[in-house]
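Hi,

Here is the structure I said I would pass on. Have a look at it first, and then read on for what turned up in it.

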Amino acid sequence: MSEANVLEATVRTEFGKGAARRARAAGQVPAVLYGHGTEPQHLAVSARDFAAILRANGVNAVLSLQIDGKSQLALTKSVVVHPLRRYIEHADLLVLKKGERVTVDVQVVVVGEAVSGTLVTTDANTVSIEADALKVPQQLEINIEGAEAGTQFLAGQLELPDGAVLAGDPEALLVNVVVAPKEEEPEAAEGEEAEAAEGEAAEAAEGETAEAEAASEE
């Protein structure tokens, strides 16, 4: 991320759930801009343009908001997405100043393949880093190519962009490579079931024979 994304914003004068629904129906996303001791500003931005910026830059997108002819740098702090319809319901934006460093959670992506016979488990999908607001990476990669069972990848092993530092625990486990559990062979399982069925049938037959002998003696 090398520059801010220009996004037109208008000041909202209506509030509440009804006003938010009307804004979304008009193709806008209700948003709140706050931080640095400023009064919170209630804004509305284009849903289409905002979604395009998030797709291209990730959830930590830096914005250059154009509000009433003035430009304001902002960081996308949080985005609420409808769980079923997947449209953006609301966004919180944080006021930024040029050169400011921020602490954000960045997605961790696993690439490559471990050796055959292993199982790769992911213990964490994000890590917290501190970086220049305009240089926050969209994602960080962990390359597990050729990793053997028993290999662990910790937060402190991640390659971070220049100037960025880990804000969380460097010993936090991100990815674990273990021996894959062996699956029970179907043929063996079927054979065991067949043997068990034959045993039950034999026991039933012996019981019937014993009953018949007892009846004949009477």
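This is a predicted model: local features need pLDDT of at least 70, side-chain atom pairs count only at pLDDT 80 or more; totals for chains, interfaces and linings use all residues.

β10 belongs to an open sheet of four strands, in the order β10-β7-β9-β12 and with mixed pairing. β10 (139–143) and β12 (165–166) are at the edges with a single partner strand each, so one side of each has no neighbour in the sheet. For β10, the pairing with β7 (residues 101–111) is parallel and runs over five bridges.

The cores

I142 comes back when you look at the nonpolar packing. The largest nonpolar core has 25 residues, and V127, I129 and I142 touch the most other members. The elements giving two or more residues to this core are β5 (70–81), β7, β9 (126–132), β10 and β13. Of these, β7 gives the most, with four residues. Leaving out neighbours within four places in sequence, the contacts of I142 are V108, V109, V110, V111, F153, L158, L174 and V175. There is also a second, separate core of 20 residues, and A9, L63, I67 and L93 are among them.

The three-stranded sheet

Another open sheet has three strands in the order β8-β13-β11, with antiparallel pairing. Its edge strands are β8 (118–122) and β11 (152–154), each of which pairs on one side only. On average, neighbouring strands in this sheet are turned by 10° against each other, direction ignored. β8 and β13 (residues 173–179) run antiparallel and are joined by five bridges; one of the pairs is T118 with V179 in β13.

The side chain of N176 makes a polar contact of 3.5 Å with that of Q152. Not counting residues up to four places away in sequence, N176 touches L119, V120, T121, D123, T151 and Q152.

The helices

In helix α1 (residues 17–25), the buried residues are A19, A20 and A23. They lie on the same side of α1 because they cover an arc of only 100° around the axis. The face turned away from that buried side carries K17, R21, R22 and A25, which are exposed. What do the buried residues of α1 pack against? Their partner is β2. After α1 comes G27, with a positive phi near 85°.

α2 can be read in a similar way. Here F50, A51, I53, L54 and N57 are buried, and they are on the same side of α2 because they cover an arc of only 160° around the axis. R48, R55 and A56 are exposed on the other side. The buried residues of α2 pack against β1 (5–11), β2 (28–35), β3 (38–46), β4 (62–67), β5 and β6 (88–95).

N57 lies in helix α2 (residues 47–57) and counts as buried because its relative accessibility is 15%. Which side chain does N57 meet in a polar contact? The partner is N5, at 3.3 Å. Just after α2, G58 takes a positive phi of about 85°.

That is what I have for now.

Cheers

Technical notes. Residues are numbered from 1 along each chain as its sequence is written. Side-chain values use heavy atoms; hydrogens and water are left out. Buried means under 20% relative accessible area, exposed over 50%, partly exposed in between (1.4 Å probe, protein chains only). A polar contact is a pair of N or O atoms within 3.5 Å; within protein, one must be able to donate a hydrogen and the other to accept it, and residues adjacent in sequence count only if both atoms are side-chain atoms. Two strands pair if DSSP finds at least two bridges between them. Axes are lines fitted to C-alpha atoms, for helices over the stretch in contact, and angles run from 0 to 180 degrees between N-to-C directions. A nonpolar core is a set of buried Ala, Val, Leu, Ile, Met, Phe, Trp, Tyr and Cys residues joined through side-chain atoms within 4.5 Å. Contact means heavy atoms within 4.5 Å. The arc is that of the directions from the helix axis to the C-beta atoms.
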